[in-house]
Amino acid sequence: MSDTQFHTITIAGATGNLGFHIANAFLNQGSYNVKVLRRKPENINEKANLLASKGAKIVYADFNDKNDLINTIKGTDVFISAVGYGDYYNNQIILLNASKEVGVKRFIPSEFGSEFAQGMEPHPILAGKYKLREVLEKSGLEYTYIFNGVFYEFLEVFGFDAKNKKVTFYTSGNEKVRITSLADVGRYTAESIKIPEARNGIIRVGYTLTLNELLQKFEDASGSKWEVVEDKDVQRRFKEKIDPIPPPIDEFKAFISNNAVYYDVDNDKFSFTPLSITEFLNSNIKHS
Ligand SMILES: NC(=O)c1ccc[n+]([C@@H]2O[C@H](COP(=O)([O-])OP(=O)(O)OC[C@H]3O[C@@H](n4cnc5c(N)ncnc54)[C@H](OP(=O)(O)O)[C@@H]3O)[C@@H](O)[C@H]2O)c1
């Protein structure tokens, strides 16, 4: 692992699910100036307070005021966007433009999900991420895309309902899924800036297993057999508006289940072993 020439790291979205762990991982490394960029107006936020107590500088900008944004992020070497669900293009292009203005060296956009085959039409929810990548690649800034599959903490949203011991598969249970914990995605992101392959590249991380294998882990951790619901027709019913029309979130999950691709991971380029799903479930799922 090479030494990094980056000193000041600015993170947008550090009060969110993932951004907090990214900021925390940089702070744990102890060698960076970490800035948490928040949107004005200033408000109290527990995660921001916690990061500040560990040494982060909390800075505020009006994201719609280019000069304010530029003045606030001056001196940044690496800008990381972990902004959440929304208009991923318009919410980030202002951050990318400001980064370019102030001479940021590397920009890591808010990807942090599944990967799809090159040239494939993006899902509408992800279209803004794709559009941003196109601009980023032409910007002259270095970039890294981090693909981690589904966060452990979001497997419930993805269909694994531990409370009711029920899982919904939107594709065959023999299909693959890739999974990583939020804290480990934070660590991978922080370490990525020391890894040569991450410069203008893709970093793929996480454990890959089949949906059936993952179900077995949930069953082992909960000590009981789960009900399996197979709903493989969600995308067609959604598209053709066939009753009962599936909720958009189910259509998105079905899109991921049916279209994500799984190239080899880069886990072994990093200094740590990620938390296993078994360890995670044993601490987070009730055993009956
Ligand atoms: N792989 C998975 O399983 C999975 C699951 C969920 C999300 N993700 C991805 O992970 C990334 C981060 O998602 P998240 O769930 O961590 O985000 P989040 O918690 O919803 O939001 C993160 C932060 O973004 C900031 N923010 C919100 N709206 C914004 C806007 N319009 N403009 C600028 N900043 C805004 C807020 O910070 P301030 O209020 O401090 O400004 C917020 O705390 C996204 O790319 C998302 O697609 C992946």
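Predicted model: local features only at pLDDT ≥ 70, side-chain atom pairs only at ≥ 80, totals over all residues.

Biologist: How much space lies in the largest pocket?

Modeller: The largest pocket holds about 870 Å³, and of the 33 residues lining it, Tyr88, Lys129, Phe151, Phe154 and Phe252 are the closest to its centre. A pocket here is an open set of points on a 1 Å grid over the protein atoms alone, with protein on both sides within 12 Å along at least five of seven lines, while a cavity is a set where a 1.4 Å probe fits but cannot get out; lining residues have an atom within 4 Å of a point. Points are joined across faces, edges and corners, and a volume is the space filled by probe spheres set on them.

Biologist: And which element gives the largest share of that lining?

Modeller: That is H9, with five residues. Helices (H or I, at least four residues) and strands (E, at least two) are DSSP runs, numbered from the N terminus.

Biologist: Which residues of H9 are buried, and what do they pack against?

Modeller: Glu251, Phe252, Lys253, Ala254, Phe255, Ile256 and Ser257 are the buried ones, and the buried residues of H9 pack against helix H8 (234–239). Buried means under 20% relative accessible area, exposed over 50%, and partly exposed in between (1.4 Å probe, protein chains only); contact means heavy atoms within 4.5 Å.

Biologist: Switching to cavities, how many of 30 Å³ or more are there?

Modeller: The count is one, and the largest cavity has about 40 Å³ of space. Its lining consists of Gly113, Ser114, Glu115, Phe147, Gly149, Arg178, Val261 and Tyr262.

Biologist: Where is Glu115 placed, and why does it count as buried or exposed?

Modeller: Glu115 sits in the loop between strand S5 (106–108) and helix H5 (127–138), and it counts as buried because its relative accessibility is 8%. Its side chain joins that of Arg204 in a polar contact of 2.6 Å. Such a contact is a pair of N or O atoms within 3.5 Å; within protein, one must be able to donate a hydrogen and the other to accept it, and residues adjacent in sequence count only if both atoms are side-chain atoms.

Biologist: What happens at the two ends of H3?

Modeller: At the start of H3, a side-chain oxygen of Asp65 comes to within 3.1 Å of the backbone nitrogen of Asn67, and H3 is followed by Gly75, whose phi is positive, near 90°.

Biologist: Which peptide bonds into prolines are cis?

Modeller: One runs from Lys40 to Pro41, with omega near 0°, and another from Asp243 to Pro244, with omega near -10°. Pro41 lies in the loop between S2 and helix H2 (46–53), whereas Pro244 is in the loop between H8 and H9.

Biologist: What is phi for Lys241, and is that residue buried or exposed?

Modeller: Lys241 has a positive phi of about 50° although it is not a glycine, and it is exposed, with a relative accessible area of 62%. Lys241 is found in the loop between H8 and H9.

Terms used
Residues numbered from 1 in each chain as written. Heavy atoms only, no water.
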